[in-house]
Structure formats: structure tokens, C-alpha cells
Amino acid sequence: MIKTIQKSTWIYIAVAFMLVLLPFFKDERWFLFLMIQVFTFGIFAMSYDLLLGYTGIVSFGHAMFFGLGAYSIGITLNFLESTFMNLFLGILLALVLGGIVAFFAGILTLRLKSHYYAMLTLALASLFLVLAEKWRSVTRGSDGFTFRIPELPGPLQDHRNLVVYMFCLVSMVLIFFGLRRLTESPLGKILVAIRENEGRVESLGFRIMPYKVIISVVSGVVASFAGVLYAISIRFVGTNVFGIDVTLDALLMTIIGGVGTLVGPIIGAGIIEFAHHYLSDLSDVHWIFERWIILFGIVYILAVIFFPAGIVGTLWHKLAKRKHKKQEMKQKTSDKLAS
Amino acid sequence: MESIIETKDLTISFGGHIAVNQVSVSIPRNLFTSVIGPNGAGKTTFFNLLSGQLNPTVGKVFFKGENITKKSTVERTRLGIGRSFQITNVFPNITVLENVRLAIQSREKVRFQMIRHFTYYKKFTEEALNILNTVLLSKRANALAANLSHGEKRKLEIAMLLALDPELLLLDEPTAGMSLEEVPAILEVIENIKKEGNRTIILIEHKMDMVLGLSDQIIVLYNGELLAQGNPEEIMDNETVQTAYIGGESK
């Protein structure tokens, strides 16, 4: 078991290393920007996977954490001076706010089951959207606002995009390994058990509430951090960060990549961001590509019907089957030898 | 004799239907009690009331002298009441081994450890494998619980119960759905717990030979009411029981 974990860890580290080197081979602005979006949404989708894939909580309002993060950093840097101290303060504010809202959302998961909870989160996210639109003195309403990020020292300032790229990449890698450890901890095992059969978890002597609250807070804080990275990367915050399509993106990325796999959502984020980019480019060929979301709707339906486990999930199933077959063969031959 | 669990006028009604009606029984500590009765007699509902899955409309439950009527399933499990379910109730999409390990984790109170890797707790895995061996399920340790046959799931239920190591075991038809060859192994597991002498077992079972062979005491439920309580001989000689249940069914 430990052997396989080490093997996969090495693969992940190797991929991360390749991603570190990537901008030195391809440093076009649009490409770096696209990759930053992949990392940002990769983090966001991972946080969604914690709820959906590991604990079985369906939320339609995950964008509220993303938006809280984006607005926290944006407002802090807009109203205060653009220094590293304030950048840090903005990030802290985002994480704390995300955590507090997630705490209360987590408590509600206890009272409301599945789709009722999904509806409630949708309403909560809409509430934040309305707040962002109406509280014009702070948020500039639906126009949104740009803000400055602190200047980097010396020659780094000339490679600002590269620095943001590395910062997002390192954040994603660290968060990935952190969350993977969480899901493979004894607590992570209880979360999966809750997803599988809540009633049985209780009859084993575990209270459900603390687990739902804990995972809701972790997920909310991570999602909020993704919002921070998103805002930093585009240096603009608008009400779109609270939109339902942000949540739907996370859902789509998680499902296409593989629910309950953590690495799947990152791959899903990569596929969707790149597809978005290239499909939009094809709009000269045919107008349908401008409406790329229509195509994705179809892909989404097909994925749910034929690929319910997502890319990574399906791969894992296949590998597990092969391993199982090998073990069976081994068992059979040893049984034969014994007889 | 000192009782481990006691009920007083335990009653539950669903709408107009009274599923368990004023049942007052006392279960002696460290003995083997069976609950029998025809289908629909309220046996499983009675178990649900003991383990906290259901709350009574009227009446009380005492565990080791403490009134636990208002306590939740979680609290009752932590006090030492463990149960297996009649309708298999496992975690389908995780492995058999992980199912059992979760029960051990609960018993060992490893509830909020989120930093260490689960493989750090090697003892849990080893113990889970041992328990699976006891219930003849070790070969399926790495299979998903969803892929088990019905009989195998029953064994897993028992394995999870054993892993919890409760003072009071509530077994709801542990051998139902098992093939004839599989029953003796499970029977042996149950007999071994009984032999150890430091556990109280309450068993719901339809197989009368098993009930008579194992029980120190038998409780007969009929239409939700307590029909009789006594040792196997007394129950077998009890005319009301014969006409209402045993005689009625065999005819």
C-alpha cells in the first residue's frame, strides 16, 4: 500500500516539476494566463470535490466562497495601500470570512438533506451576489473594479506573470498534497463513510455534525483562497465571481475529471479551460463555437451517462481491475501448487 | 440476576399501528437472550428502540441502570450497545477491510485525526484482517463491499459488530440469506463470544434449533406484545406460545 502511495506521489511531483519548467519553454502571455486559470480553478474544483466526492454533500452555492475570496482581496487592496502586508491581510481576511460562512453553511447541512441543502446554498450564493451588486460604495456594483497588486522587487517586476504563475502552481501543489493527506487520514475515511451511509456511521458511534462542519470549513477556506488567486491573476473583481456558472464550472470540472479523486478536478479544470480557449477561437469557423457552452452541455450529458466516474475515476477502476485479476491469477497458481 | 438492559412499558406506534406495545423486559448481563416471534411481531422495531434508531412513543429503556431513552444511537454505541442489521447495512463503495477498520477506529476513539495517514494505524488493519478471518471473509478483504454476495455482507455486518467490541450485542437474524455451508462458521463465532462469558447477546432469529441451542433466555413477541419470557424449556412448554407462534407456524 505504502509503495503505491509513494509511486503516485513521485508521479505528481514529476508533473509539478514539469509545470515549473513549462513557462521557460512557452512564455506567451495568453498561455501563462490560461495556465494560471487552470491552477486557480483546479484548486476551486478540488475544494468542491471534498464536498461532493468525499462527503456526498451537493452544493449549488460554492461560488459564494470563491466570490468572498475575490472580493476580500480586491477590497483590501483597493481601499488600503497596495503593499505586501495588505496583500497578506487580504488573503487572511478571505480565509477567515470563507471559514466563517462555511461554518454556518456546514451547520445547515445537518438540518437539511441533499437537494434542500443544494437549494439553500444556491439562495445563499444569490444573497452574496445581490450584496455585491447593491453595496456599491464598496463593491462598485455590477461594474466591478480593478485594483493594483504590490510591485515586486527588482527584476521580478518584469516577470510578474511568471511570478503569479509560480505562486498559483505552488499553492495548487501544496493544497493538493494537503487535501490528499486529509482524505487519506482516519478522518477522511469517516467522511467517505458518511457519503456512503450516514445512518450506519452513527451506529458505529461517530457523530455526523462535526465532520460535515469540518469539511465544509476546509472546503470553504480553500475555495476562498482560489477566489483570491483568481482576483490577483486578473486584478479585477466583478459580480460574476458569485455567479451560478462559477459553481457549475466546478461541478463540471469535478465530474469530467473524476468525482472523489482530487487529481481529477485539476485535470477537469485543465480540459475545460483549454477547451474554452480553443473552442472560442473556432468561432470564425462556425458560430456554434462562440456558444461553446452548448457543446459543453452535450459533453456533460454524455460524460454523466457513459463516464460517470470521470477520467481519473475510470482509469483507477481499470487499474484496480487489472490488479485484482493479477492477484486472482497469483492466488489460483499458488492454490494449484499447494494442491 | 443483574440486568444489563431493561425496558419499561416500551411502546411505539406509527400512525395508528402499534408496532411494539408496552413491552417490559429485563435482559440479564452476560447471558444469551433470543427474541422470537412471527414476521411482523415487532422484533426488529424492538431492536431499533434498544439501539436508538427509533424513539419510543411511551416507555423507557435502561442500560446498566441508566435511563437512556433520550440518548441517540451514537451515544448508545459509545456506551457499549452494538448491533448488526437485518437488512445489510454496510458502506458499499469502500473495501471490506475499510468497513471493518472504521468500526475499530470508532472503538479506539480515533475520530478527528486528519494529519496522520491511515496506514499509520497498522494495528487497526491487522486486527481488521483477523476479524475478517474469524468470519471467513479474509479472502474478500480488498473487494468493494458492494460486490459481496448477500451472505458475505451478513458476515461483514458481524465483523463490524465484533470490531466495535460492545458489551451488549444485538444480532438481527445474522444468518439470514446465508447458504447452509456458511451458517456453522457464523454460529461458531457467536458461540465463541458466548463462551467468553463477558458479553451479553440478544439475538433475533427464526431458526428454532439455533435459538434453542444457544439461548439462556427467550423472549416471545407477538403482534408487538410480550407473550412470554423464560428459559427455553419454559418457552417450549408454554401453551400460549405454542398456539400463538410455534404451533401456529408449524401447522
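**Exercises on a predicted two-chain model**

H3(A) is mostly covered, with 14 of its 17 residues buried. The model used in these exercises is predicted.

**Exercise 1.** Determine what span helix H3 (residues 63-79) of chain A should have, and compare this with its end C-alpha atoms.

**Exercise 2.** Explain how Arg101(B) and Glu98(B) are placed relative to each other in helix H3 (residues 96-107) of chain B, and state whether they are buried or exposed.

*Solution.* Step 1: an α-helix has 3.6 residues a turn, so residues three or four places apart point the same way. Step 2: Arg101(B) and Glu98(B) are three residues apart in this helix, and therefore about one helical turn separates them. Step 3: their side chains meet in a salt bridge, at 3.7 Å from N to O. Step 4: both Arg101(B) and Glu98(B) are buried.

**Exercise 3.** Classify the exposure of the partners in the salt bridges Lys26(A)–Glu28(A) and Arg136(A)–Asp143(A).

*Solution.* Step 1: the closest N and O atoms of Lys26(A) and Glu28(A) are 3.5 Å apart. Step 2: buried means under 20% relative accessible area and exposed means over 50%, with partly exposed in between. Lys26(A), at 30%, is therefore partly exposed, and Glu28(A), at 36%, is likewise partly exposed. Step 3: in the salt bridge between Arg136(A) and Asp143(A), the closest N and O atoms are 3.4 Å apart. Arg136(A) is partly exposed because its relative accessibility is 46%, whereas Asp143(A), at 54%, counts as exposed.

**Exercise 4.** Give the number of salt bridges over all chains, and identify the residues that Glu2(B) is linked with in a network.

*Solution.* Step 1: the structure holds 18 salt bridges over all chains. Step 2: a network of salt bridges links Glu2(B) with Arg29(B), Lys64(B) and Glu167(B).

**Exercise 5.** Describe the second largest pocket by its volume and its lining.

*Solution.* Step 1: the volume is about 570 Å³. Step 2: the lining comprises 24 residues, and Asp245(A), Asp249(A), Glu273(A), His276(A) and Trp292(A) lie nearest the centre of the pocket. Step 3: the lining divides into 16 nonpolar, five polar and three charged residues. Step 4: helices of chain A that each supply at least two lining residues include H2 (29-55), H10 (208-234) and H12 (263-281).

Definitions and conventions: Residues numbered from 1 in each chain as written. Chains lettered and ligands numbered in written order. Predicted model: local features only at pLDDT ≥ 70, side-chain atom pairs only at ≥ 80, totals over all residues. Heavy atoms only, no water. 1 Å grid on protein atoms, 1.4 Å probe; cavity = no way out; pocket = protein on both sides within 12 Å on 5 of 7 lines; lining within 4 Å. Points joined across faces, edges and corners; volume = space filled by probe spheres on them. Helix = DSSP H or I, 4+ residues; strand = E, 2+ residues; numbered from the N terminus. Nonpolar A, V, L, I, M, F, W, Y, C, P; charged D, E, K, R; others polar. Salt bridge = Lys/Arg side-chain N within 4 Å of Asp/Glu carboxyl O. Buried < 20%, exposed > 50% of the residue type's maximum accessible area, 1.4 Å probe, protein only. Expected span 1.5 Å × (residues − 1).
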